[in-house]
Amino acid sequence: MTQVSEAPARTRAQISERTLRKDPWWRKPALVATLLTIWVLYATVRVFTGHWYWVPQYHYLTPFYSPCVSGECVPGSSSLGQWIPAIPPIIPYAFVSLPFVLGFRLSCYYYRGAYYKAFWRAPSACAVREPHASYSGETKFPLIMQNLHRFFFYMAVLISILNTYDLVQAFRGPDGAFGIGLGSIIMLINVVLLWAYTLSCHSCRHITGGRLKNFSKHPARYWIWTQISKLNTKHQQLAWTTLGTLMVTDLYVMLVASGAISDLRIFN
């Protein structure tokens, strides 16, 4: 009878030197950490500011405050109505969508690898000595919560639909008729890229074709899966691009709403 030996205990890769790399491997993680920190600080300040998020003349609403359902929201900014009375400043006006947006981004497969390396150094990089003695992956709390990513994806689709509605409203002039301004175009670019980032998600690719056993019997789903797969190759670029467009959109709306600049009107 053949005796089966026990599998060796899981341990980190042992490298005696601090690193075997000769290139400046630390630059990319440092850059990622810097950019993510800047974005998080900006977004945090803006979400809790409570001002300069709505331009009533042109119906511009920053995505950081959509949907604005608090009784504190300025008139006209509550596209879905005001669900609750005034809330304390410690609670963001867009408290309905922000948890799902954050959950979708934080559990994103690309972002996981990016901030694991940048902040936790788990792992730091290939051929670099591990700073952690043990490794449990995403099998324990809180990282096991990353498995909720596919459910956050469903909510992200709904939020993208809401952003699209806000975009349609932004193509209105002061008289309520059709109008175009620089803000409209900025919001359009942002919404298109947000849709591209959402649909390029690995979960979306799995939902459209991951469970199929025979593509030839499902030509429509196979075509959709193929297109999503092509978009999926750009997921990393879209992850960063949409952070930039979100910041630019919010900054532009803030500047116009505060009176610092005037919206450049193209029509009406």
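Are Cys 68 and Cys 73 buried or exposed? Both cysteines are buried, where buried means under 20% relative accessible area, exposed over 50%, and partly exposed in between (1.4 Å probe, protein chains only).

Before the close-ups, a word on the model: it is predicted, so local features need pLDDT of at least 70, side-chain atom pairs count only at pLDDT 80 or more, and totals for chains, interfaces and linings use all residues. Residues are numbered from 1 along each chain as its sequence is written, and side-chain values use heavy atoms, with hydrogens and water left out.

**View 1. Cys 68 and Cys 73 are joined by a disulfide.** A disulfide is a pair of cysteine sulfur atoms within 2.5 Å, and here the two sulfurs lie 2.0 Å apart. The count by this rule is one disulfide. The link is left-handed, with -95° about the S-S bond.

**View 2. Cys 126 is an exposed cysteine.** Its relative accessible area is 63%.

**View 3. Helix H1 covers residues 27–47.** Helices (H or I, at least four residues) are DSSP runs, numbered from the N terminus. H1 has 21 residues and reaches 30 Å from its first C-alpha to its last, close to the expected 30 Å; the expected span is 1.5 Å times one less than the number of residues. Look for the buried residues of H1, among them Trp 39, Tyr 42 and Arg 46. Helix H2 (98–106), helix H3 (109–120) and helix H8 (235–258) are included in what covers the buried residues of H1, by contact (heavy atoms within 4.5 Å).

Terms used. Helices (H or I, at least four residues) and strands (E, at least two) are DSSP runs, numbered from the N terminus.
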